[in-house]
Amino acid sequence: MARTNKKANGLSVAIVALNIVIVGIIILLIVLVYMHMKEEVDNGRDGSLSPTMTESGETSTTTPAEPNTQNTSETDTPVSDSSSTGTDAPVSDTTTTPSVNVNPLNYNKEFFKDDMFIGDSISTGLYLYGFLDQDNVFAETGLNPESALTYEKDGLTCAGKAQLLQPRNIYIMLGTNGLAFLDGQYMCNKLVELIAQLETACPTAKIYVISIPPVTAVHEAEGNETMTKVLAYNNALKSMCQQGGFTYIDLCSVLQDETGYLSANYAEADGLHFLSAAYIRMLNYVEQCAQ
Amino acid sequence: MKILKILAAALIPAALLAGCASGGEQVADIDPSDAVKAVIAEVPITSGIENDESSLDIFDSHIDADTVESAAFSLCASGAYPDAVAVIKCKTSEDAAKAKEALQDRLEDQIKLFTDYTPAEMYKLEGAKVYTKGNYAIYIALSDNDKAQEIIDGKLNG
């Protein structure tokens, strides 16, 4: 009897041990399968990520422009040299709504691939919207003709960047940020200094001075940047260009509406910066001038 | 009993490893683009434009692209406002910590630029959120930073 019990006890321990081993193996298998599945899910997610920008669908959000390489059908008379008379009417319905509905097919990104834009926060939009590569733009919030002489971005002044890039054309659009506290003639003198720096840095580049853009009536009412100041500064710029032999581009006229203010088609909510439609118009116009 | 001890010694670490598979902090595996879209649906950005890791350069954060697995960000493309949100999924939590430092530097640059430029917008930067969660580095400078953080954390917490 005792011998039978001992035998039964021995069998019972063996069965329990076997069960535990089986459970252990099952747990290990589950862990392995879980880890394998997780790896597959991660890989699958990586593979589905688009390398391009995606459209959000939100009304306040748009995707960057995808320009084509063809120039389009805009028919303005560009104003180059120093004899501006730009009087274009504001542009077509394709650019009248906020950024989400912009037709990106009417400027030529390829044309600007060897060029460089210098400007303030307005010019940052050239690459933030995706119209140009960041390499083709030296722009910073708050930049004005005085600070542009010494301001460094990523360790380079704009002349330093120009020296590095050796652009074919350089377009300067600066002055809006100084309107409230700098004298217009003083800013023009600083621009002459800046142009001298740029000419030394890249003697073969053709340098264009772009007028500062208009503001909206609502923005004007805030008092800092008014159309009177904008037009006075642009006149001073034009005279500076005539005296210095630089080419002046009258973008201001192109962006004005029939009342002389920045067209609502182009104006950001602050009445000073640009909606994406304005950049398309700007690039199209600048290209015509540079050609 | 000896077998039990051996099995326990083998299985308990395995179980612990399985539980910690996500690397210390329990963070859900999310698509950064989904998180950014969810934020801007609730806290819109004027003239906002959405980008992914291929355009990280224009976010001016100098994050090492080699440390980034995927990313999404939205910012005000007109340059008028400092609004921006970024969710950056790094390869490791150490990479995320470095990305956070870069984002913090970006925030400080933005504060310098906007202090005199548009003082009325400074509340977005003064209340900005820059932090990490697991392998994710997050930057929020919007009109409602708390709401945006709540949305992103809600996704990361699973």
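Select Ala84(B): not counting residues up to four places away in sequence, it touches Phe73(B), Ser74(B), Leu75(B), Tyr139(B) and Ala141(B) (contact means C-beta atoms, placed from the backbone, within 7 Å). This is a predicted model, in which local features need pLDDT of at least 70, side-chain atom pairs count only at pLDDT 80 or more, and totals for chains, interfaces and linings use all residues. Residues are numbered from 1 along each chain as its sequence is written, while chains are lettered from A and ligands numbered from 1 in the order in which they are written.

Ala84(B) is found in strand 3 (residues 84-90) of chain B; helices (H or I, at least four residues) and strands (E, at least two) are DSSP runs numbered from the N terminus. Ala84(B) counts as buried because it has 25 C-beta neighbours inside 10 Å (buried means 20 or more other C-beta atoms within 10 Å, exposed 12 or fewer, partly exposed in between).

Next, select Val87(B). Leaving aside neighbours within four places in sequence, its contacts include Pro32(B), Ala35(B), Val36(B) and Ile152(B). Val87(B) is also among the residues touching the most other members of the largest nonpolar core, which has 115 residues (a core is a set of buried Ala, Val, Leu, Ile, Met, Phe, Trp, Tyr and Cys residues joined through C-beta atoms within 7 Å). The largest share of this core, 9 residues, comes from helix 8 (residues 276-290) of chain A.

Staying in chain B, show helix 2 (residues 32-42) and helix 5 (residues 145-156), whose axes come within 9 Å and cross at roughly 150 degrees (axes are lines fitted to C-alpha atoms, for helices over the stretch in contact, with angles from 0 to 180 degrees between N-to-C directions). Among the residues making this contact are Ala35(B) and Val39(B) of helix 2 and Ile151(B) and Ile152(B) of helix 5.

Now move to chain A and its open sheet of 5 strands, in the order 3-2-4-5-6 with parallel pairing (two strands pair if DSSP finds at least two bridges between them). Strand 3 (137-139) and strand 6 (247-249) of chain A stand at the edges with a single partner strand each, so one side of each is left without a neighbour in the sheet. Strand 2 (residues 116-119) of chain A pairs with strand 3 of chain A over 3 bridges. Finish on helix 8 of chain A, which packs on the sheet and touches strand 4 (169-173), strand 5 and strand 6 of chain A.

Technical notes: Contact = placed C-beta atoms within 7 Å.
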